[in-house]
Amino acid sequence: MICIENPRSSTFMRKKLVDPVLNLLSQGISPAALALAVSVGLVIAIIPVFGMSTVLCLLAIYLFRLNPAVVLLANQVGYPLQFILFIPFIKAGEWLFNAAPAAISVSGIYSLFQDDPVSAMKQLWYLFLSGFVVWLLVSLPLTWGLFVIL
């Protein structure tokens, strides 16, 4: 079977989809502001408190006058890292506060919240708080590092 690629299709996609999105993301923004917006969006994406990343992105957009599309896009791209780094942040918080190690997993936390959200918060608030403190300690140097790299 012979497959012949239509050269006009790639031009059409670029002209109608890729270029408008790139123009929207870089509209009136300097490279440094673009790098800062991407850095902030990615770092906020890894916060170990589920449901808070979009709210924090909106706050950062307002406070630092960042490009909303870039911050929110970077946040959504980095969102899977929140699940990957959740347990390491919790474990680092246990180490930082010299707390007894908790036998936790993402699926265990999910089932706790599914059964009784109020009881789950009562049981896990300290773990979430310790993970959040570690994220706070890591977030500024990580944002700066990403800003420099980008």
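Start by selecting threonine 143, which lies in helix H6. (Helices, H or I runs of at least four residues, and strands, E runs of at least two, are DSSP runs numbered from the N terminus.) Is threonine 143 buried or exposed? Threonine 143 counts as buried because its relative accessibility is 14%. Here buried means under 20% relative accessible area, exposed means over 50%, and partly exposed is in between, using a 1.4 Å probe and protein chains only. Now show what surrounds it: leaving aside neighbours within four places in sequence, threonine 143 is in contact with Ser39, Val40 and Val43. Contact means heavy atoms within 4.5 Å.

Before moving on, some ground rules. This is a predicted model, in which local features need pLDDT of at least 70 and side-chain atom pairs count only at pLDDT 80 or more, while totals for chains, interfaces and linings use all residues. Residues are numbered from 1 along each chain as its sequence is written, and side-chain values use heavy atoms, with hydrogens and water left out.

**Stop 1: the whole of H6**

Select residues 117-149, which make up helix H6. H6 has 33 residues, yet its end C-alpha atoms are only 40 Å apart, short of the 48 Å that a straight helix would reach at 1.5 Å a residue. (The expected span is 1.5 Å times one less than the number of residues.) Where does H6 bend? Go to leucine 124: H6 bends there by about 60°. That bend is the angle between axes fitted to the seven residues ending at a residue and the seven starting there.

Next, colour the buried residues of H6, among them Leu124, Phe128, Trp135 and Thr143. What covers the buried residues of H6 includes helix H2 (31-45), H3, H4 and H5.

**Stop 2: helix H2**

Jump to H2. With 15 residues, H2 reaches 21 Å from its first C-alpha to its last, close to the 21 Å expected at 1.5 Å a residue. The buried residues in H2 include Ser39, Val40 and Val43, the ones you saw in contact with threonine 143. H3, H4 and H6 are included in what covers the buried residues of H2.

**Stop 3: glutamine 82**

Now select glutamine 82, found in helix H4. Glutamine 82 is buried because its relative accessible area is 0%. Not counting residues up to four places away in sequence, glutamine 82 touches Ala45, Ile46, Ile47, Val49 and Phe50.

**Stop 4**

Side chains of opposite charge can pair when their charged atoms come close. Here a salt bridge is a side-chain nitrogen of Lys or Arg within 4 Å of a carboxyl oxygen of Asp or Glu. The two partners are three residues apart in H4, about one turn of the helix. Glutamate 94 counts as buried because its relative accessibility is 6%, whereas lysine 91, at 33%, is partly exposed.

How many salt bridges are there by this rule? The count comes to two. For the other, select arginine 14 and aspartate 19, whose side chains meet at 3.8 Å, N to O. Arginine 14 is partly exposed, with a relative accessible area of 45%, and aspartate 19 is also partly exposed, at 28%.

**Stop 5: a nonpolar patch**

Switch to a surface view and select Trp95, Leu96, Phe97, Met121, Trp125, Tyr126, Leu129, Leu137, Val138 and Leu142. Together they form a nonpolar patch on the surface with about 1,000 Å² of accessible area. Patches are made of residues with over 30% relative accessible area and no salt bridge; like charges are joined within 9 Å, and nonpolar side chains (Val, Leu, Ile, Met, Phe, Trp, Tyr) within 5 Å. Areas come from the Shrake-Rupley method with a 1.4 Å probe, and for residues only the protein chains shown count as cover.

H4 and H6 are the elements that give two or more residues to the patch. H6 gives the most, with seven. One of the patch residues is Leu129; leucine 129 counts as partly exposed because its relative accessibility is 41%.

**Last stop: two loops**

Finish with arginine 65, in the loop between helix H3 (53-64) and helix H4 (68-96). Arginine 65 has a positive phi of about 55°, although it is not a glycine. At 70% relative accessibility, arginine 65 counts as exposed.

Then go to asparagine 98, in the loop between H4 and helix H5 (106-115). Its phi is near 55°, a positive value in a residue other than glycine. Asparagine 98 is exposed too, with a relative accessible area of 72%.

Notes. Expected span 1.5 Å × (residues − 1).
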